[in-house]
Amino acid sequence: MNAPSIMKSLLRADGQQLGAELVHESAHLHVTGRAAYVDDQPELAGTLYAALIKSPVAHGELIGEGIDRDALLREHGVVAVFTSRDIPGENNCGPIIHDDPFLAEGKVEFIGQAVAVVVAREMLYAREAASKARVLVKELLPILTIEQAMAAQSFVMPSKGITRGDADQAIRQAPFKIKGSTETGQQEQFYLEGQITYAVPREDGQLTLYVSTQHPDGNQREAAAALKLSTKDVEVICRRMGGGFGGKEGNASIFSQSAALAAFKLQRPVKLRVNRDDDMMITGKRHDFKIDYEVGFDQDGRILGADITLASRCGYSTDFSGPVNDRACLHIDNCYYIPNLKLISHRCKTNTQSATAFRGFGGPQGMFGIETILSEIANTLGKDPLEVRKLNLYQDPARSGQADTLTTQYGQVIEDWIGDQIVDQVETQARYQDRRAAINTFNAQHKNRKRGLALVPLKFGISFTATMLNQGGALVSIYMDGSVSCNHGGTEMGQGLNTKMAQVCADGLGIDTALIRVTATDTQKVPNASATAASSGADINGAAIMNATAQLRERLAPVAARLLGCAAADVRFANSQVHGGGQSVAWPVLAKQAWLDRVGLSVTGFFMTPEIQYDFNTLKGKAFYYFCYGAAVSEVEIDTRTGEWWLKAVDIVHDAGRSINPAIDQGQIEGAFIQGMGWLTMEECIWDKKGKLLTHGPSTYKIPVAGDVPEHFNVTLFAGQNIKPTPFNSKAVGEPPLMLGLSTFFAIRDAVSASADHRSVVQLSAPATPERILLACERARKETRAAA
């Protein structure tokens, strides 16, 4: 069965495209190996290959341009070598602040930083030359850790904070207090397709870049600036990526500009595809955080005041550290009302890769902080953590009797609160109380094996916190045979965005998705597009497509009215036909007649997210258009003698609004959960004392595999819809479910607590590797014995 017939066979009975469980538009290509990625592009005659020479030290001053150019040119097959001195324009790949050269200039600031581009006749020759190259550098003392950066007051940007009420007084007067610290680790994006660009010179100084990127517009602008071209002269095309997860939002420019420089200088096509080790050594990871806290609470576990300090390792340049750390501040509350809060966020500069975007974008780290606090409060009071979590949930002022119990710490009123309903639903569906009792029985009967259970909710804000990015564009064209080309500013990275956009386009025109072709993202079709990030891809691009199809319906309605003998206002588009006056005309007939009548059949659509009123300097205002909610219950088992652990069961209820495609959304929820679980339990970046990343390949960096997914893995979409007029009243689903993985970490923490009969406050940082679990168990038992 071919793809169009598969898609058609799964349509809803009423013929509506939105809400139908259509298969991924590229599924048949994925499973047969026919999906074309950048490296699959047919190579033009004369194509050359590039590799990057990397810094061997974490901090140093380059001697001269840092390389022996003549020696490199003598290497077999080498055609050219380029350094920062060869860049005709701006040497920058910093996506916000221009403090990040794509080729080192005068100094190097992390091990792996690109110093030069080697171009050769074959990829093997380029890589061999780059690996043999000696970088000429005078080594300087690096700053590598958050602690070192804090001691040196080394920051990429000024610290920020949020104050609500009087936290100091609330803590001082509270009957109970805790004070502690925890950490979250880094995480490698580990996309299946590595970073790659194929740069092709065109006539009259133009350049086409085929890039695996989440932000073609950024690659376009930065390459144009580097080469002293105008933006119109650089075209960036991305049909699909083999994964992105934030790692190709800004970091792709390191490679696209290096390839563009070589191609422009040589006037030959140049391909730059890095291997996995170089990819991991050069690119940024998720920010790791140190979280210090002092909290006051009452005898029931209700938070009265909190003083929280966040410090993140940002690496050597700003990258996305501003909005990432801002979002951590905006999500420190997760689903909980904190009446008095003093929060400070430090953005630490270190001589490591610049930490960058990663699914969740700071939100997971902030949520980890508050969930750690609530678990420690429960430990202190001897309560089930779920009881404490439910007590602290946001609450309708009509129930709480307080005016601000649905107002966040940054002053946004939560208009769509359903977090309590989702918690109640998953608690019931997962039989939480029954399983808690069963786990208590199991733990009483087993000395060395302990089980843990945790229910953790989430509230995640949807919008770019940089207001100007909340816009999308689309280009929709109808051909004479009725087929439709749809292009938009978003990028497909496996998440099913193009499938959803085909459904939105088809529904807007009242036709079958089999008639829609969503084409490769192209900066010459939809200009100035925001990155596919912040979980906003379907919202802003879908709304732009809706705007385009509305314009086309308005143009086509008079044509249809003449064919049907009715008023234009009576024309209805549905089921690949137009209806009116008791008659119907096939869609292809209408398309052909519109052309004959010289009606324009191509329009651009545009959308800007309304209502955003947020000041990122003060971290105050309406930062988000709406919120997504969810909750997960995880059950785990640990071996207290080795620290090994097993995920036994997962139950999820997640809010996707009125889902455009429930099958795709469920896949996103499952994948995001596992990725979040991996971050919190097994994915660990390890560095040596000189700042070299030691875990730079699949042999040393462990990500979850199929065997880590439990057989009991239930996902339910919450029955509801977005109160905002998004496409189909759907909600974003890219990032929020990752935070559901917190439930696995806190189930492990619960099992560690059980190893000491729940009589000790557990100290456990992420990732909860077997070593950390073992040490936490030993520490908890030791503290329990000492207290006795």
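Predicted model: local features only at pLDDT ≥ 70, side-chain atom pairs only at ≥ 80, totals over all residues.
Colleague: Which residues lie nearest the centre of the largest pocket?
Modeller: Phe245, Arg359, Met493, Gln668 and Gln675, out of 46 lining residues. A pocket here is an open set of points on a 1 Å grid over the protein atoms alone, where a 1.4 Å probe fits, with protein on both sides within 12 Å along at least five of seven lines; a lining residue has an atom within 4 Å of a point.
Colleague: OK, what volume does the largest pocket have?
Modeller: About 1200 Å³, taken as the space filled by probe spheres set on the grid points, which are joined across faces, edges and corners.
Colleague: And which helix gives the largest share of its lining?
Modeller: α19, with six residues. At least two residues each come from α16 (497–509), α17 (537–564) and α19 (662–681). Helices are DSSP runs of H or I, at least four residues, numbered from the N terminus.
Colleague: How does that lining divide by class?
Modeller: 19 nonpolar, 19 polar and eight charged. Asp, Glu, Lys and Arg are charged, Ala, Val, Leu, Ile, Met, Phe, Trp, Tyr, Cys and Pro are nonpolar, and the others, Gly among them, are polar.
Colleague: What about the second largest pocket, what's its volume?
Modeller: About 760 Å³. It has 39 lining residues, with Ile96, Pro323, Ala466, Met468 and Leu469 closest to the centre. α7 (216–227) and α10 (321–330) each give two or more residues to that lining, and α7 gives the most, five. By class, the lining has 18 nonpolar, 13 polar and eight charged residues.
Colleague: Back to α16 and α17: at what angle do their axes cross?
Modeller: Roughly 25°, and the axes come within 9 Å. The axes are lines fitted to C-alpha atoms over the stretch in contact, and angles run from 0 to 180 degrees between N-to-C directions. That makes α16 roughly parallel to α17, a label for angles under 35 degrees.
Colleague: Which residues of α16 make the contact?
Modeller: Leu497, Lys500, Met501, Val504, Cys505, Gly508 and Leu509, with contact meaning heavy atoms within 4.5 Å. On α17, the partners include Ile545, Met546 and Arg553. The contact has nine nonpolar, five polar and two charged residues.
Colleague: And how far apart are the axes of α11 and α20?
Modeller: 11 Å, and α11 (363–381) packs on α20 (742–755) at about 25°.

Key. Residues numbered from 1 in each chain as written. Heavy atoms only, no water. Parallel < 35°, antiparallel > 145°, perpendicular 65-115°, else oblique.
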